[in-house]
Amino acid sequence: MSVSIKTPEQIEKMRVAGRLASEVLDYITPYVVPGVTTGELDRLCHDYMVQVQDTIPAPLNYAPPGYPPYPKSICTSVNHQVCHGVPGDRVLKRGDIVNLDVTVISDGYHGDTSRMFLLGGDVSILARRLCQVTLESLWLGIAAVQPGAHLGDIGYAIQRHAERHGFSIVREFCGHGIGRKFHEEPQVLHYGRPGAGMELVPGMTFTIEPMINAGKPAISELPDGWTIVTKDRSLSAQWEHTILVTGTGHEVLTLSAGTPPEPAIFPSST
Ligand code: MF3
Ligand code: CO
Ligand code: CO
């Protein structure tokens, strides 16, 4: 049990997997409109992965210890759903926020990324601010990734930004090493102290995927055994990228033409 350091050949496969995962989100974007069901989004993504990309949807039948097999090909987490929302008959409506989380397997390697989508023009100011601050927090975490830095530097950057905006960090779920396996070591916590935790080494690949709540951090699990919601029913947002530690810094592996750009963050607002 230890952290795998990827070879240049493996890194090239991770690059392909990461780009393909992001391209699924590009593909689905025009379909994420009021009136669509989460089940339709799942079916469209599934067919795109399997028929167009020739990738494998990693979530389908994924069954870590203690979980029932995951029944769908993507995760769709709406409003107060934090993560692992199971697609179904739910109809998305104007004002909703939804996270779509895509993980593909390409040539044996995983790429894992998620984005928030805002439905219609009438998303509340709170919901928009939560989505934006969560995206900023992800990128502040990414900015902390370089050889010699520690996992705690990532968590600290994320936690500091979210909490200074009055939001809270979900503690029960974290980013993760990724490669041949969907979830590998290390765990990448979205809170922490500078200098704490494992030192980052070139060739490590892991996700950063902060889940940030507008209200309290506590969560509960729905009876489906997967969907996680905020206990206080406050809104929750999440963004995710897969990251490589390089010799000089980092490379974001889950980029494609439609990736929302790194937000400009001014020192006064960080
Ligand atoms: N994609 C999620 C992550 O970022 C994991 C989903 S597990 C599933 O780690 F089975 F729900 F898909
Ligand atoms: Co992940
Ligand atoms: Co994911």
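**The metal site**

Author: The six donor atoms around the cobalt ion (ligand 3) subtend angles of 58 to 164°, so the arrangement is irregular. Donors are N, O and S atoms within 2.8 Å of the metal (3.2 Å for Na, K and Ca), and water is not among the atoms, so sites may look incomplete.

Reader: What should I know about the source?
Author: This is a predicted model, where local features need pLDDT of at least 70 and side-chain atom pairs pLDDT 80 or more, while totals for chains, interfaces and linings use all residues. Residues are numbered from 1 along each chain as written, chains are lettered from A and ligands numbered from 1 in written order, and side-chain values use heavy atoms, without hydrogens and water.

Reader: Which residue coordinates both cobalt ions, ligand 3 and ligand 2?
Author: D112 does, and the two ions are 3.3 Å apart.

Reader: And is D112 buried or exposed?
Author: Buried, because its relative accessibility is 2%; the cut-offs are under 20% for buried, over 50% for exposed and partly exposed in between (1.4 Å probe, protein chains only). E240 is buried too, at 0%.

Reader: Switching topic: what lies over the face of Y191?
Author: R171, at 4.3 Å from the ring centre. That term needs NZ of Lys or CZ of Arg within 6 Å of the ring centre and within 35 degrees of the ring normal.

Definitions and conventions
Four donors count as tetrahedral if all angles lie between 85 and 135 degrees; four count as square planar and six as octahedral if opposite donors are over 155 degrees apart and all others between 65 and 115; anything else is irregular.
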